[in-house]
Amino acid sequence: MEFRLLGPVEAVCGGVVAALGGAKPRTLLAALLLEQGRIVPSTRLIDILWPEGPPDTARTALQTYIRALRTALARLADTETIITRTPGYLIQIPIGSLDLDVFTGLLTRARQADSPAEVSDLLDDALALWRGPAMAGLADCSLAGEAARLEQLRLTAIEERVTADLRLGRHGRLVPELAALVSRYPANERLRGQYMTALYRLGRQSEALAAYREGYAALTEKIGVDPGPELAALHQAILRGDPTLLAPPSEQPVCAAVPAQLPRAPTDFTGRATHISELAAALTQRPQAPVQLIAGRGGTGKSALAVQAAHQVAAEFPDGQLYAELRGMSDDPADAGEVLGRFLKALGVRPQTIPAATAERADLYRSLLAARRVLVLLDDAACEQQVRPLLPGGPGCAVLITARNRLGGLGGARRMDLDVLTPEEAFELLARTAGAGRVRAEQRDAHAIAELCGRLPLAICIAGARLATRTGRPLALLVERLADERRRLDELTISDLEVRSSVELSYRGLSQQSRRALGRLSFLAVPQFSSWTLAWLLEVTEDAAEDIIENLLDAHLVDFTQVDALGRPRYRLHELIRIHGRERAEAEESAAELTASVARVLRGWLALVDTVAAHSPPEEIQWRRPPVTAYPVAATTAARVVSAPYAWFEAEQAALVSGVERAATLGLHDLVCHFASARLSGPSFWGAQRFGARERINQAALAAVRRAGDRRGEAIMLAELGELRYMQDRFSEADRQFADALDAFRELGDAHGQAVALAGLGTVGRETGRLAEALRFVEQAGELLRAAGDDAGIAYVQRLAGSVRLERGDFAEAWSALEESLAAYRRIGSPRGEGLALRTISLHHRALGELDEAVDTANRAVTIFERLGDRLMAAYAIRALAKARVRQGRGAAMLPRLREAFSTCRTMGDRWGQGATLRTLGELHLAEGDLTDSHVCLSAAITLWEELKIPLWRARTERDLALLYRARGEDAAAESLLAGVLKVFYDHGAREYGELSTR
């Protein structure tokens, strides 16, 4: 099967043209063919097909077009051509089956040919492949730029073939053709010059001069520029009848002064399709081609990408391609004058005439390239000073530079920062280097190897080469060896390729302060960090830390990740750079210095937590233990954190977790326990990832205090684990942890610790409906806290006691407890505690039928939680508000907010909250007469209560379901359900038993 892009898009087999359909399927096929052998993401294909903005059904439509193309191609040939490959599709076709490839191959051969006749024949064959404008008949899409590029390539081939024919003296045949071409391309100076030359050699001097005047008018009137120096010089030569124009030079081959210095493109080059497309577009931009820089850390494949892109656009630069390895990261960078000397020789300058001074060489270099179209590739640049003399001055030349530094002083340069490969690209590169069959047969281990290599191309190529030389070994063995950080860099070495030495080149270029910064950041080993973290590590100001980070960014040893919700930039270290940095830190600094730097980071975090607590005291019982010395924090940082504590903690959470784990391994158990037991404004403070984060911190702290023999720290961490299990709705485990903590505190004689554990047991009892037991635990905790004079603790247990009494129907006692709780929270200045108390008071008002008061207090609670940024508790307060509105008969307006509350609970992993919100949604739909949606919500809530093993809340939801049955006229089903519900209420001592039995 043959595929055609040089004209209308077609697929042909045995002379039969495939029925591809309309413009969009043809556009889709063209897009895939232009990227043949490479995955084109679905998002990119959608953008191509719908450049003005895709419809909602774009992805479905794309899949339909793909199926249609597959069907059309399968009718002609029984081979799978279009393959689905995450994140999109790729097309695989035999070599030589695409007319564009055949054309570019002939063009390349012509440029390598030695005789004008061979050049002319090869280019004739290439141009014969064209059947009309490139990709003719496609819909308006973003391939128009590619079509224009191909048309320009066609024009270049014509120009080169005409040059060869002029050398062969074929002037008579050329004049009619050139007359048509200059009519079609009036501003093309090269074609016009060839036309004038052919006319002059046929003795038609006046016509040649007239052709110049027509070109002059076209350029000045339509474009506003004068003819270039080459065309103007030809005009003057014709005016004076220069005899050298009468015959073509015969002493040199056609391509003698056209350098072609690009290195061979790597055969295992993989991915980077978007980067190559962007580079090709930038390098071929007209009229002013750019200076394009590819910057990135060592091993990211900058050179390979540059060479690949340069080969792709080489045909756009018919006057040649120059290449220089500048050795920027070596101890002996290339001298600009030396490079200019080599370039001048390649451009045909005789060695004896090349100037000695670098400035004079640069002048001559720019003069020679002023009217030429040459691509210059400068690999591994050291600095701006090395590069500037090598930049051409003419508009037709383009420069492509690679460097590890960003070369910020190179004015006018476009920059592309090259990062690691995508997971799919990394896998494909490993498959190409190690063997596709083997890698695809052991995919899980192959992906693990790619990730352990940090998806760094150099590391993957080394790993692939090692696998290729050890064909009998399973990939799992290499995974096991790479998993050990201490030996990973040793494993990533083969022959003269070594990841460690690649990173070391960048490391040696740093100042002493920047080296220490990189080493301590690597030793701390957090996934991302901000400037204050580095300031604490180095004991410097944040301004100084930011300057150091800027230096590390320029060297591509640190990566920018995002601007967080506080407006501060955050950064990360690549895994292999981190491993190298830790090696250097442990070699260059003492263990005591490094451990002290980690301790300062924990003390800095504790200082911020204490600052937040001072401005907004948490509502929970706080641990009483000897304070630790906090590290001084910049006032501006503290102010930012206090202004948005939830946003700060969410941004910092990943670093906090890893930092605490690191400190635990270093024996900093007291600091770790202090941080792990800091009660940070309730569960919402931990965000959507709260369970995983708290699990890791608590387990690390528990292990640390046990290693240190700190029995009280162990008791505290058991209680903290109980709190975590409670938040996870793992109530039986929470019971065990709180009970173990209680035993430990009793053994230690710690009354305050006992109160915390007892309150924890009370919360679990309340949530699971064991109300009498919950009240007993809470009352014991209250007695201990009153004896200790702990106002915050009293506020907490009184709210809890009020909640339990409300569940039991003890309204007067509940009100008294809730009033005391609210007053205490206001007294200690805890807005979150006030919000929680107001929410529970709203439930009390609703239970007594005081609906206006219930709505008012719930609204006040919502306002507090939203101001604090506490999304989960805001969802709980919205649910309380919605229930009151439903009782008022005004529930419909609450539906959007209630759905949002459910979404918040689901995002935060709060299954209890999901169940309660689903029940409220069911009540709302029932009140509005929407029995179907009500049944769906209530049934879903019942399923959750069954999973959580909470019979009381299941019974409450079944009571609502019984009301639904009655509304549907199913009285027998309702009565049967209520009988079971009544027993559950009786067994649990819930107030609903009295309500139902009275009725």
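In this predicted model, the residues buried along helix α44 are L952, W953, A955, R956, T957, E958, R959, D960, L961, A962, L964 and Y965. Together they leave α44 mostly covered, as twelve of its 17 residues are buried. The helix itself runs over residues 951-967. From its first C-alpha to its last, α44 reaches 24 Å, close to the 24 Å expected at 1.5 Å a residue. After α44 comes G969, a residue with a positive phi, near 80 degrees.

The protein chain holds 46 helices and 15 strands, and its C-alpha trace spans about 120 × 75 × 60 Å along the principal axes. Of its 999 residues, 56% count as buried. Contacts that reach across the sequence are also part of the picture: among contacts in the protein chain with a separation of 6 or more, 69% are accounted for by residues 24 or more positions apart.

Helix α33 covers residues 731-748 and helix α34 covers residues 751-768. The two pack at an angle of about 160 degrees, and their axes lie 8 Å apart. Because angles over 145 degrees count as roughly antiparallel, α33 is roughly antiparallel to α34. Their crossing is left-handed. On the α33 side, the contact is made by F731, A734, D735, F738, A739, A741, L742, F745 and R746. The α34 side contributes G753, Q754, A757, L758, G760, L761, V764, E767 and T768.

A disulfide is a covalent bond between the sulfur atoms of two cysteines. How many disulfides does a search of the whole structure find? The search finds zero. C453 shows how this can come about: the closest cysteine sulfur to its own is in C461, 9.5 Å away, which is too far for a bond, given that a disulfide needs the two sulfur atoms within 2.5 Å. Is C453 buried or exposed? With 0% relative accessibility, C453 counts as buried. C383, in turn, has 26% relative accessibility and therefore counts as partly exposed.

Conventions:
Residues numbered from 1 in each chain as written. Predicted model: local features only at pLDDT ≥ 70, side-chain atom pairs only at ≥ 80, totals over all residues. Heavy atoms only, no water. Helix = DSSP H or I, 4+ residues; strand = E, 2+ residues; numbered from the N terminus. Expected span 1.5 Å × (residues − 1). Buried < 20%, exposed > 50% of the residue type's maximum accessible area, 1.4 Å probe, protein only. Axes fitted to C-alpha atoms, helices over the stretch in contact; angles between N-to-C directions. Parallel < 35°, antiparallel > 145°, perpendicular 65-115°, else oblique. Left-handed = near helix turned anticlockwise from the far one by under 90°. Contact = heavy atoms within 4.5 Å.
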